[in-house]
Amino acid sequence: MSADHTKLFLYVCFSLSISLIFTELVQADNYIVHMDLSAMPKAFSGQESWYLATLSSLSANLRTNTNATIPSSKLIYSYNHVIQGFSASLSPAELEALKKAPGYVSSVGDRTVKVDTTYSFKFLGLNPETGAWPVSNFGKDVIIGVIDSGVWPESESFNDEGMADIPSKWKGECESGTQFNSSMCNKKLIGARYFNKGLIAHDPNITISMNSTRDTVGHGTHTSTTAAGTYVEDASFFDYAKGTARGMAPGARVAMYKALWEEGGYMTDIIAAIDQAIADGVDVLSMSLGLDERELYEDPIAIATFAAIEKNIFVSTSAGNEGPFLETLHNGTPWVLTVAAGTMDREFGATLSLGSKGSVNGLALYPGNFSSSPFSIVFMDACDKTSELRKLVDKIIVCQDPGKEDSLNDQFNNIQVAGNVAGVFITNNTGLDIFIQSPFPAIFLEQKDGDMVVDYIKSNTDDPKASIEFKRTFLGTKKKPSPTVTSYSSRGPSYSCPSVLKPDLMAPGDFVLAAWPSNIAVARINDDVLFSNFNLLSGTSMACPHASGVAALIKGAYPDWSPAAIRSALMTTSDAVDDTGSPIKDIGTSLRPATPLAMGAGHINPNKALDPGLVYDATVEDYVNLLCGLNFTAKQIQIITRSSSSNNCSNPSLDLNYPSFIAYFNDRNTKPNSNIVREFQRTVTNVGEGSFTYKATVTPIKGVKVTVEPDTLVFNAKNEKKNFKLSIEGPGQLDETVSFGYLSWEDSGRKHVVRSPIVATSYMIEK
């Protein structure tokens with residue numbers, strides 16, 4: 001190699017090295033940093049000044065040591081309640097230097113979250129004359145904090161007519177911003193704040209489309225009004241689901257904390273929102289979002305909500321929309337309520353009339369107007385020849401779905417492209433949610449109804465005709481039992497805490513009608529977009545605020561109950577059977593009986609939850625014992641509890657006093673014919689007035705034997721506690737993946753049945 005080539009080679013290598021060093025110094029990312037406040041020097045007036053000084057020293061030291069011109073590390077938030085620490089934008093070099101700073105405990109990179117995207121109050125049995133609504137005074141003055149995408153304050157669902165003054169305990173604010181001022185709050189919408197410092201720190205050049213609490217997505221308006229919307233008459237989605245819309249707790253107040261944006265949603269902003277909600281004085285927190293596969297000490301939502309339950313704030317979360325497979329749920333945190341999604345006994349559709357031969361009903365959500373006149377109707381079998389379909393544009397086309405992959409999608413697109421009067425699709429496909437929201441007239445029939453239509457066409461050789469009436473809402477239909485577990489609802493067991501059975505319960509999540517921003521399109525007819533003040537959405541995002549609202553009703557009736565007691569009341573009074581009296585089915589498993597890993601304890605029942613009889617309560621100390629039982633280190637526990645002094649691990653236990661049971665029989669190395677016993681200790685508290693005697697019954701569970709000792713509990717007074725032990729005996733390796741049954745405590749007067757799910761599983765969680 002020549003001297004010149006050697007110099008060039010050395011120059012390139014040197015330049016590359018300098019470039020890599022410089023990149024490491026300046027390429028910043030956002031981190032949530034946990035600190036030990038006991039290490040803060042007394043010279044500092046507060047924790048934020050300490051954090052700022054710590055970050056300033058990092059940048060200064062790096063400049064001195066490298067002679068590089070780099071931007072200073074940037075404090076994003078200083079947290080006061082949810083964690084002991086802050087979030088900041090740090091370069092890799094700054095992060096490494098911070099790890100050596102006094103008081104540093106741990107850090108985790110900022111991450112985006114998943115958003116888990118009316119008649120439901122009647123389906124749940126809520127009645128203004130009797131039951132949960134009048135007993136709880138409709139959730140009067142309970143404050144529901146919603147972490148979401150903002151609100152549309154002009155919605156009639158936020159009307160405060162007839163509401164009393166804002167509770168004096170409220171410390172929140174209504175922040176002004178783009179197209180949003182403080183006068184837009186009222187006695188219903190009492191708080192509105194927004195958080196996007198983390199989002200901006202990720203991309204300093206980002207343009208925020210609406211820098212205020214105003215909702216530009218629609219999700220937050222929908223969830224908040226599902227939980228606590230006021231009465232709105234003649235609400236509908238283009239005449240589907242027509243009636244009076246109202247939330248689960250119409251007397252409750254709403255405080256919106258916008259941390260989800262069109263541009264994204266980051267944990268730094270979400271936990272800042274939770275931090276503020278705690279300070280403002282909310283009673284219930286509702287969060288239809290989450291993170292997947294995180295240990296509790298690495299999950300900012302789990303950590304932040306621990307602080308909330310310490311303040312006696314009930315937290316409701318969505319299970320996620322990654323079903324129907326096992327171990328897909330998020331928010332499997334033992335101190336929050338984890339909500340799965342179910343269907344209601346309501347369908348939206350259309351009626352296809354076949355002249356004198358009768359009519360059939362099918363599924364449809366076409367939002368446009370359609371002529372009531374009869375049209376010629378033609379059966380085109382697979383509908384796979386677009387050229388032939390185009391010759392029949394003035395006719396209703398009937399298609400038979402062959403059931404192949406994407407075959408229905410192909411037929412749907414062919415009819416849309418051909419521009420026929422309407423499409424009638426005969427299919428066994430159960431995933432029709434997207435198809436029925438069709439931009440052209442379309443109706444979807446089950447096979448037996450489709451056969452009737454085809455027979456009518458084939459038997460009538462003289463130009464058969466038919467007419468279609470859209471915008472039909474079928475209530476209380478027995479055609480399909482309800483509720484059922486939706487296919488998309490995420491399943492347990494919990495990755496972060498396998499010893500606690502999750503999800504906890506199921507609530508309505510399919511095609512839920514609630515308020516919507518009037519400037520965000522909700523539907524389409526061909527190339528034209530449509531707008532509405534209400535929208536139909538599906539997801540565990542919709543199930544979560546149902547549970548939040550019902551929790552607010554219980555909080556209104558029993559303000560001193562702990563979050564664990566409210567959760568217990570919701571779970572032990574939920575329904576395990578559908579409207580036909582049969583076990584609730586699971587769409588995700590071809591309508592086989594739903595397991596508790598899909599639906600939790602069952603479907604929420606507000607009226608029963610107001611009088612549960614017994615509750616399984618839990619304290620902060622119980623949760624600390626659980627963290628110890630998970631073999632977390634002292635530092636990992638400190639991250640969650642924000643304290644090192646109160647974390648006593650002298651009584652570690654995975655056996656939390658929870659109103660459900662899950663036992664693992666997954667030892668693949670077990671000896672043949674050898675059994676093991678899993679034992680659970682529980683304490684129940686009598687919350688009924690007077691004395692009661694409860695007797696235990698257990699449904700048979702395939703592959704295991706369950707015993708309860710004692711099987712009778714006698715309570716002589718309200719708030720008296722009794723203990724019992726439940727034992728599950730089975731093989732080291734269970735044959736079944738999931739076996740389940742129920743423990744029921746029934747009082748002698750048959751007034752209360754306190755029911756808990758029991759799961760025995762051979763499933764193995766891999767970490």
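1. Partly exposed is used here for a relative accessible area between the buried range, under 20%, and the exposed range, over 50%. K608 has a relative accessible area of 44% and therefore counts as partly exposed. Please keep in mind throughout that this is a predicted model.

2. K608 forms a salt bridge with D575, and the closest N and O atoms of the two are 3.2 Å apart. D575 lies in the loop between α15 (563-572) and β28 (585-586), whereas K608 belongs to helix α17 (residues 606-609), so the pair ties together parts that are 33 residues apart in sequence.

3. A salt bridge also joins the side chains of D578 and K585, at 4.0 Å from N to O, and both of these residues are buried.

4. In a further salt bridge, the side chains of K695 and D711 meet at 3.1 Å, N to O. This pair links distant parts of the chain, 16 residues apart, with K695 in strand β33 (residues 692-698) and D711 in the loop between β34 (705-709) and β35 (712-715). K695 is partly exposed at 42% relative accessible area, and D711 is partly exposed at 35%.

5. Salt bridges with shared partners connect E173, E175, R193 and D280 into one network; across the whole structure, the search finds 28 salt bridges.

6. A228, in helix α7 (residues 219-228), counts as buried because its relative accessibility is 1%. Beyond its neighbours within four places in sequence, A228 has contacts that include I144, K188 and P250. The C-alpha atoms of A228 and P250 are separated by 4.8 Å, although the two are 22 residues apart along the chain.

Definitions and conventions:
Residues numbered from 1 in each chain as written. Predicted model: local features only at pLDDT ≥ 70, side-chain atom pairs only at ≥ 80, totals over all residues. Heavy atoms only, no water. Helix = DSSP H or I, 4+ residues; strand = E, 2+ residues; numbered from the N terminus. Buried < 20%, exposed > 50% of the residue type's maximum accessible area, 1.4 Å probe, protein only. Contact = heavy atoms within 4.5 Å.
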